[in-house]
Amino acid sequence: HIKVYVFNPHRIEDIMQAIVSIGEIAGQGERAREQVSGLTRRIEAVKTKAERSQRVRVLYLVSMEPMISVGPGSFIHDMIGISGGENVANRAAARYPRIEMEEIVHRDPEVIIAPSEIIDSVRSWKGRWNGISAVKNDRIYPIDMDIVSRPGPRIVEGLERIYGEIHGQ
């Protein structure tokens, strides 16, 4: 007879709603709403800056073997869009699709973001894939998976970091 609550966020907005719901379940609804209010202000600040910026083609890699990216329906895809990026895997049918190198070359990402654990593998493309804008211009950035892959308050830190990488800030 233990109550179980399940949250399956697909967007940043879903994560904020889940934080409020968890706060209410825990009897800390007001505190959760206050925290979400502060997080929402930070999200809106990123949106405002991104709206004034040029869209940038972004490849976010989850893994290298197999090569997996993020597609529509994942909150990392949502973060890329909010940050002013155009996800090169935006046509994928899955939230975490396999992506072929040919598609990456064809879509020509201007920025590549990948977990710190695989960034050396991604950077090894420099010799073989120097026609890709992100490789040619050395715009391959590591990111801490803890701030982008866990749907909680730190996701906003991840959003701000993705914005900074996309726009060189």
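Strands here are DSSP runs of E of at least two residues, helices are runs of H or I of at least four residues, and both are numbered from the N terminus.

I note that this is a predicted model, in which local features need pLDDT of at least 70 and side-chain atom pairs count only at pLDDT 80 or more, while totals for chains, interfaces and linings use all residues. Residues are numbered from 1 along each chain as its sequence is written, and side-chain values use heavy atoms, with hydrogens and water left out.

**Entry on β1**

With strand β4 (residues 111-115), β1 runs parallel and is joined by three bridges. With strand β3 (residues 85-87), I found parallel pairing over three bridges, in which valine 58 has asparagine 87 as its partner. Strand β2 (residues 67-69) runs antiparallel to β1, again with three bridges, and serine 63 is partnered there by isoleucine 68. I recorded β1 and β2 as a hairpin with two residues between them.

Buried means under 20% relative accessible area, exposed over 50%, and partly exposed in between (1.4 Å probe, protein chains only).

**Entry on alanine 114**

I located alanine 114 in strand β4. Alanine 114 counts as buried because its relative accessibility is 0%. Leaving out residues up to four places away in sequence, I listed its contacts (heavy atoms within 4.5 Å) as Leu61, Ile119, Val122, Tyr141, Pro142 and Ile143. Isoleucine 143 lies 29 residues away along the chain, yet the two C-alpha atoms are separated by 6.0 Å.

**Entry on α7**

Ten of the 13 residues are buried, among them Ile155, Leu159, Tyr163 and His167. After α7 comes glycine 168, with a positive phi near 65 degrees.

**Entry on phenylalanine 7**

I placed phenylalanine 7 in the segment before α1 (12-25). Phenylalanine 7 is partly exposed, at a relative accessible area of 35%.

Methods:
Pairing = 2+ DSSP bridges.
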